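Reader: I am new to this structure and would like a close look at one part of it, followed by an account of its surroundings.

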There are 2 protein chains.
Amino acid sequence: MRVLNFSAGPSQLPEYVLEKIKDQMMDYEKCGQSVMEMSHRSQEFKGIIEKTEKRLRKLMNIPDNYKVLFLQGGGSLQFTMIPVNLFGENKKAAVVNTGAWSKKAAAELKRLEWIYGHETCVIAASSEEDNFSYIPKDFDIPEGIDYLYICENNTIYGTKYKKLPDTKGVKLVADLSSCILSEPVNVSDYALIFAGAQKNMGIAGLTVVIIREDLIKKDDRIPAMLSYYVHADKESMYNTPPTFSIYVMGLVLEWIEKEFGTLEKLGEINRKKADLLYDYLDNSKVFKGTAAKEDRSLMNVPFVTGDKNLDAEFIDFAKKKGFVNIKGHRSVGGMRASIYNAMPYEAVEKLVECMKEFEKGVLGNV
Amino acid sequence: MRVLNFSAGPSQLPEYVLEKIKDQMMDYEKCGQSVMEMSHRSQEFKGIIEKTEKRLRKLMNIPDNYKVLFLQGGGSLQFTMIPVNLFGENKKAAVVNTGAWSKKAAAELKRLEWIYGHETCVIAASSEEDNFSYIPKDFDIPEGIDYLYICENNTIYGTKYKKLPDTKGVKLVADLSSCILSEPVNVSDYALIFAGAQKNMGIAGLTVVIIREDLIKKDDRIPAMLSYYVHADKESMYNTPPTFSIYVMGLVLEWIEKEFGTLEKLGEINRKKADLLYDYLDNSKVFKGTAAKEDRSLMNVPFVTGDKNLDAEFIDFAKKKGFVNIKGHRSVGGMRASIYNAMPYEAVEKLVECMKEFEKGVLGNV
């Protein structure tokens, strides 16, 4: 029996996708091979990667002057690739510190100081003093930076930018790992978007970068694998790309098209799912959400009882009923329900029922 | 119907592995999830990665003072990771130039010159003047280098070191991408071994590094994702590893254990397979091998007819009979049969039969 998997990533996949992978395992579209066995230079794989990019472009409405790159190394490698490629005359970037992932991005920026010989990172704003429970707003954009970096959805703390910062013309770079494809975005607002695939797009080992074409510059001092120019120039085929992960992403996009049609429609359903859970949390006597109301994520919903033992009890109670990975991130504790695209509305209903049942038990014992 | 896939990589997988993936697709060992959906921090995935490492250590007889790392980015990212981590007092390495991949390794070394402020790469020896048809031997080890770099099996040119160079105590770093697990190696002879998984270990998107522990040094100037120290310290879990690719690798190792038991046994069969093909090539009036006899690879067998049109005719003839990806690398032309571990002896027999039939037709027409 399949469980309901609330993992923050890698995370639950649509059964449609798993079934299709299974069906095509021994023989993809009568070519006599599994996708795993295909040469990345084959016509068959070319068809897969082109179709995947086309689907992403259509769903996200990506303008023609943006390139889509299929890379490896996760967000963590982007933390280095972004500065070495996007640094301009200032060789400095500003980061909005909204949690563990933006902190890591800042740390990797700082690590480059010995190469450039000066401060490479400045913190534009931070919500650290309040345990990252909100998104900083109305901060000043620092002078003398090449770009502003944000983590748009904070998986661990369950916060999300509802409105992008006004950068006053400075380039905006954003980590969309845990919110990409969850609702429409206006790609033109960004200089660069990146996202790991393992939350809303597929499986671990694939990172998608969407970058404005005029920012891709040839620079022979950058290691080839870290150069957007090299990857763009070779259409993500400079070396062997993670072929199977790209195929899975294509299937996830196919499923979104079939199931929802557009990101507008998918966004509506995601809002309904999140509202259901947040409404319950706001009315519960046992559970409460930890993120500021106005900044609540549609994808990651952290909550606590306020009592560590009771938290552990609930996690156990839920697990026995087939709700897994509901435990909060090790750095914050409590619970977290990641309700990505692949998590159906009915599953969130079931989770709320489970929480209500637990609440009843707790209140009955008082 | 499944074809016989002679691709140089990604390449044919054992049907045992594909069937097992298929069986476990919806539910891995009754945990209610696919491996693709598992949190990399879950007990289930921990079990998978630990078992995979254990199997690799046993098969390759990896000494305890070597670490095994599961990384992303392929050999191409290693070309940068190796120098930034292994450079010592000289900040310079020597490369033996045996083809396209060692050339790329040298190019990435050279790209670091602006950072270190001096020449970072010297070519110790090269077979380029003879189109890389042999492995240079008895060359001098350059003075003032931190390590000697070799590509042990040259996928494109079909050459392989039968004896490692005597480095006179200098550290040896080797790319084993297309020969790892094909026969036993003495890991202690190397400072570092790396290999992409997509030839003999599984699927694209996973790179395995085997490194002597004392060479792993903390250096905060290295970007985290490029640091062996960071990956070793976090047991390949600094960020989300390519979980599914690690699982597939585990299944390939399981298959090797079940089917062959040891690399000694597997090496014997690989030699038999290669001998069959080389013997035919040495006696054919139409086909001939292109690599120097004493340096012939067990894994990649390039051959030509000496006539481009006839080459194309054969490739087409073979394809119609279900032998695919027999075309040589775009940089050299002709044909190439990659006969990795997953290619059974019987398939090589069939290929030779196919070549004999073609030869008969050609000679009959003379």
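Between which two elements of chain A is the loop in which A:Pro10 lies?

Author: The model is a predicted one, in which local features need pLDDT of at least 70 and side-chain atom pairs count only at pLDDT 80 or more, whereas totals for chains, interfaces and linings use all residues. Residues are numbered from 1 along each chain as its sequence is written, chains are lettered from A and ligands numbered from 1 in the order in which they are written, and side-chain values use heavy atoms, with hydrogens and water left out.

A:Pro10 is found in the loop between strand E1 (4–5) and H1 of chain A, where helices (H or I, at least four residues) and strands (E, at least two) are DSSP runs numbered from the N terminus. The peptide bond that joins A:Gly9 to A:Pro10 is cis, with omega at about -10 degrees. In chain B, a cis peptide bond likewise joins B:Gly9 and B:Pro10, with omega about -10 degrees, and B:Pro10 sits in the loop between strand E1 (4–5) and helix H1 (15–23) of chain B.

Contact, meaning heavy atoms within 4.5 Å, takes 60 residues from chain A and 60 residues from chain B. Because 100% of the interface residues of chain A are also interface residues in chain B, the copies meet through the same surface. The area buried between chain A and chain B is about 5300 Å², of which carbon and sulfur atoms give 60%; buried area is the accessible area (1.4 Å probe) that two parts lose on being put together, summed over both.

Across this interface there are 25 residue pairs in polar contact, both residues being at pLDDT 80 or more. A polar contact is a pair of N or O atoms within 3.5 Å; within protein, one must be able to donate a hydrogen and the other to accept it, and residues adjacent in sequence count only if both atoms are side-chain atoms. The rule also finds three salt bridges across the interface of chain A and chain B, a salt bridge being a side-chain nitrogen of Lys or Arg within 4 Å of a carboxyl oxygen of Asp or Glu. The side chains of A:Glu37 and B:Arg2 form a salt bridge, at 2.8 Å from N to O. On the side of chain A that touches chain B, at least two residues each come from helix H1 (15–23), helix H3 (74–86), helix H4 (100–110), helix H5 (113–116) and H7 of chain A. H1(A) gives the most to this side, with five residues.

Superposed by least squares on the C-alpha atoms of residues with pLDDT of at least 70 in both, chain A can be laid on chain B with an RMSD of 0.0 Å by a turn of 180 degrees and a shift of 0.0 Å along the axis. The two copies are thus related as by a two-fold rotation axis. Of the residues of chain A, A:Lys22 comes closest to that rotation axis, at 2.6 Å (C-alpha).

Within chain A, the domain assignment gives domain 1 (24–259) and domain 2 (262–364), with bounds that come from an automatic or database domain assignment. The centres of domain 1 and domain 2 of chain A, taken over C-alpha atoms, are separated by 28 Å. In chain A, 24 residues of domain 1 are in contact with 26 residues of domain 2, and the area buried between these domains is about 2100 Å², of which carbon and sulfur atoms give 55%. Three salt bridges are counted between domain 1 and domain 2 of chain A. On the side of domain 1 of chain A that touches domain 2, the elements giving two or more residues are helix H2 (43–60), strand E7 (159–160) and helix H7 (243–259) of chain A.
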